[in-house]
Amino acid sequence: MGNDRFAIDVHQVTKRYPGGVTAVDGLTLRVPQGSVFGFLGPNGAGKTTTMRMLVGLVRPTSGRIRVLGQPPGTPNKLRRVGALIESPAFYPHLSGLDNLRLAARYAGAPDSAPSRVLAEVGLAERARSAFRTYSLGMKQRLGVAAALLKEPSLLILDEPTNGLDPAGVSEIRELLRSLGRRGRTVLLSSHVLAEVEQVCDRIAVLNRGRLVADGTADELRAALGGGQLLIAADPTDKALACLRDHRGVRAVEAVDGTLRVSTDPALAADLNRTLVEAGIDVRELRTVRHSLEEAFLELTSTTGSSG
Ligand SMILES: Nc1ncnc2c1ncn2[C@@H]1O[C@H](COP(=O)(O)OP(=O)(O)OP(=O)(O)O)[C@@H](O)[C@H]1O
């Protein structure tokens, strides 16, 4: 069932840690070859766990994973996967170049690799400075450089902009764009929508271990960002059923006695008329337009006391 169009193919994967936390819950995800794919979700959503499963550091409790057509951790394929998952350990007193020389030896990469990747991440000029003198953004770029040593066709980066100031963030963003332009597949996680929106071809949104949305930024915007109508009507049940049947309504749910209707806000008058004609009393009708950011926050705001 392996499909070569997908660099990553995750099917119905669940990861339950000993102790009972379900970090990933029935996740199905396909990352097309050559795409820059954003893996978006708040802290604790299960992004790191998923990435660790992709490189074989953690075993799924159930489900099936293929990375470059093989189960995770298959040695000859592992050579083609570069990952930056936990902050890599570099020696503070060694230069960036010397750190990468050590890493290259460890990874079995050629002697020419360190200079090549330093140029690729824009650190050539600081190659001989001690790691401890690097800015956070430069440290992070060195981490990406280390992941590039084996000339991977798939690059997996966990929150590469975490903790960076805006200048650092835009440096990494530029770097990711340029990596994507070279035909590699990049899977990038972040909890900041704006970041993935600007560099990624596709975005998957994860919340509490589950996939809650998946598509291009435009598709997500169309699916989520259009807007909502908030309607208070009596009787609520009847209004709910009536709205559900309306062709312009994508989804409707009752929250604390108010109906949240996902629809084009331009349909407000039409929906109002439909309800009134069905003998329903409309007490309030309000339009809420969502930015993609708001839609993302709403999608990922569901918290609960139990998993
Ligand atoms: N080794 C572990 N043992 C037990 N629970 C774990 C372990 N690693 C992660 N978890 C739990 O699994 C859930 C998902 O964590 P994970 O690190 O995968 O999320 P994340 O989306 O990467 O979040 P963050 O952005 O905070 O890293 C969390 O509730 C976390 O506490």
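This report walks through a predicted protein model, from its overall layout to its sheets, helices and cores.

## Before we start

Because this is a predicted model, local features need pLDDT of at least 70 and side-chain atom pairs count only at pLDDT 80 or more, while totals for chains, interfaces and linings use all residues. Residues are numbered from 1 along each chain as its sequence is written.

## The overall picture

The C-alpha trace of the protein spans about 80 × 40 × 35 Å along its principal axes. There are eleven helices and 13 strands; these are DSSP runs numbered from the N terminus, with helices being H or I of at least four residues and strands being E of at least two. The protein is divided into domain 1 (6-221) and domain 2 (227-289), with bounds that come from an automatic or database domain assignment. The centres of the two domains, taken over C-alpha atoms, are separated by 43 Å.

Of the 307 residues, 37% count as buried. A residue is buried if 20 or more other C-beta atoms lie within 10 Å of its own, exposed if 12 or fewer, and partly exposed in between, with C-beta atoms placed from the backbone. Among contacts with a separation of 6 or more, 68% come from residues 24 or more positions apart; two residues are in contact if their C-beta atoms, placed from the backbone, lie within 7 Å.

Two strands pair if DSSP finds at least two bridges between them.

## A well-covered helix and the main core

Helix α5 (residues 136-148) has 13 residues and reaches 19 Å from its first C-alpha to its last, close to the 18 Å expected at 1.5 Å a residue; the expected span is 1.5 Å times one less than the number of residues. Eleven of the 13 residues of α5 are buried, including M138, L142 and V144. Their cover includes β5, α3 (96-107), α4 (113-120), β6 and α6.

The largest nonpolar core has 64 residues, of which L40, A145, L149, I156, V186 and L188 touch the most other members. Such a core is a set of buried Ala, Val, Leu, Ile, Met, Phe, Trp, Tyr and Cys residues joined through C-beta atoms within 7 Å. Helix α5 gives the most to this core, with seven residues. Leaving aside neighbours within four places in sequence, L149 is in contact with L100, A103, A104, A107, A109, A113 and V117. A second, separate core has twelve residues, among them I231, L243, L259 and V261.

## The four-stranded sheet

Another open sheet has four strands in the order β11-β12-β10-β13, with antiparallel pairing. Strands β11 and β13 (281-288) stand at the edges with a single partner strand each, so one side of each is left without a neighbour in the sheet. Neighbouring strands of this sheet are turned by 20 degrees against each other on average, direction ignored.

Strands β11 (residues 249-255) and β12 (residues 258-263) pair over six bridges. In this pair V252 stands opposite V261, and E253 stands opposite R260. Their hairpin has two residues between the strands, and D256 takes a positive phi near 50 degrees.

Helix α10 (residues 268-277) lies across β10, β12 and β13, running at about 165 degrees to β13.

## An exposed residue

D218 lies in helix α8 (residues 217-225). D218 counts as exposed because it has 10 C-beta neighbours inside 10 Å. From C-alpha to C-alpha, D218 and E197 are 9.4 Å apart in space, and they are 21 residues apart in sequence.

Definitions and conventions. Axes are lines fitted to C-alpha atoms, for helices over the stretch in contact, and angles run from 0 to 180 degrees between N-to-C directions.
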